[in-house]
Amino acid sequence: MLTIKKYAAIDIGSNAVRLLISNIIEQKGKPTLFKKSALVRVPIRLGADVFLNQKISKENELRLIDTMNAFKLLMKSHKVLAYKACATSAMREAENGSEVVKLIKKHAKIKIDVIDGEEEAAIIAATDLNSFIDKSKTYLYVDVGGGSSEFSVIHQGHTTASKSFKIGTVRLLNDIVQKDAWIELESWIKQNTKDFEKIDLLGSGGNINKIFKISGKALGKPLTYFYLTSYYNMLQTYSYEERITELDLNQDRADVIIPATRIYLSAMKWSDAKYIYVPKIGLSDGIIKSVYFGSVSSVNLV
């Protein structure tokens with residue numbers, strides 16, 4: 001007997017807003033399967049508003065409402081049973097964040113939970129990282145976002161340390177990350193990895209996924225520190241326009257990919273990691289699993 005249900009996740013990030021719709025396939029006596037059915041990404045870049053002006057602009061407020069209305073219709077068309085919408089650092093730090101959340105609830109009938117960095121890291125952990133890792137190894141898990149990045153040390157399948165830092169791609173692009181934040185991150189990584197002889201990185205986020213895809217590596221194979229450094233140096237020889245026209249990067253990826261790569265390389269350098277694995281997971285995947293397993297409250301559509 002096979003049962004298929006559809007759940008959705010909405011991730012309102014500092015760089016982009018995403019809707020992930022997944023098929024949940026249940027078979028008697030077998031593990032539940034989670035298969036992506038649809039993914040829609042809209043580059044609203046709320047962080048550019050909030051990190052510079054402390055509030056979401058009227059234009060982006062209206063774009064958000066339109067996007068949420070579109071997501072609602074897509075979920076209805078896909079016959080989604082339940083969804084959860086999460087907003088991260090940009091909405092969290094916006095002076096008018098709670099007001100925008102209320103407007104979206106009123107005009108799009110979408111309920112949004114504004115989550116902190118620790119909850120974000122916990123939801124990402126619900127993606128079952130254990131299925132991607134070798135339990136005999138130690139990893140530094142790095143999830144790079146537009147407003148913040150989450151770091152976790154995983155030793156033999158268990159998280160030994162976890163912390164969120166306000167170092168993200170949109171903040172870096174706008175030159176608003178203080179030197180002290182980098183010093184604190186370096187200290188935290190060194191302190192929490194010094195007892196382990198060998199560490200590999202686990203990287204998640206749209207930018208590292210893109211770099212991995214470009215590399216042509218087989219899923220499960222790592223990128224090397226040397227490859228990532230070479231790619232980082234190559235990116236900087238192209239202008240923003242050339243990265244779009246010659247490297248075939250989307251316009252909202254062509255600028256943030258450089259600061260994102262800098263964060264991963266810094267984490268590799270400070271942890272002395274030579275390899276980075278890219279399991280292609282993120283907040284949206286974690287939300288889906290959290291909704292299914294009932295570890296977070298969700299909203300039913302039917």
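Predicted model: local features only at pLDDT ≥ 70, side-chain atom pairs only at ≥ 80, totals over all residues.
Visitor: OK. Phe34, then: what's its relative accessible area?

Guide: Phe34 comes out at 24%, which makes it partly exposed.

Visitor: And is Phe293 buried or exposed?

Guide: Exposed, with a relative accessible area of 57%.

Visitor: What kind of aromatic pair do Phe34 and Phe293 form?

Guide: A tilted one, 6.1 Å centre to centre with 50 degrees between the planes. The rule pairs rings of Phe, Tyr and Trp (its six-membered ring) if their centres lie within 6.5 Å; planes under 30 degrees apart are stacked, over 60 edge-to-face, and the rest tilted.

Visitor: Which parts does that pair tie together?

Guide: Phe34 is in strand β3 (residues 33–42) and Phe293 is in the loop between α12 (283–292) and β12 (299–300), so the pair links parts 259 residues apart in sequence. Those elements are DSSP runs numbered from the N terminus: helices are H or I with at least four residues, strands are E with at least two.

Visitor: Which residues form the aromatic cluster?

Guide: Tyr7, Phe34, Tyr292 and Phe293.

Visitor: Switching topic: what are the domains?

Guide: The assignment, which is automatic or from a database, gives domain 1 (2–117 + 283–300) and domain 2 (132–277). Their C-alpha centres lie 24 Å apart.

Visitor: How much area is buried between domain 1 and domain 2?

Guide: About 1,100 Å², with carbon and sulfur atoms giving 50%. That is the accessible area (1.4 Å probe) the two parts lose on being put together, summed over both.

Visitor: Which three residues supply 41% of the area that domain 1 buries?

Guide: Arg41, Arg45 and Phe51, more than any other three residues. Phe51 also has the charged end of Arg171 over its ring, 3.9 Å from the centre; the rule wants NZ of Lys or CZ of Arg within 6 Å of the ring centre and within 35 degrees of the ring normal.

Visitor: How many salt bridges across the interface?

Guide: Four between domain 1 and domain 2, a salt bridge being a side-chain nitrogen of Lys or Arg within 4 Å of a carboxyl oxygen of Asp or Glu.

Visitor: What does Arg45 form with Asp255?

Guide: A salt bridge, with the closest N and O atoms 2.7 Å apart.

Definitions and conventions: Residues numbered from 1 in each chain as written. Heavy atoms only, no water. Buried < 20%, exposed > 50% of the residue type's maximum accessible area, 1.4 Å probe, protein only.
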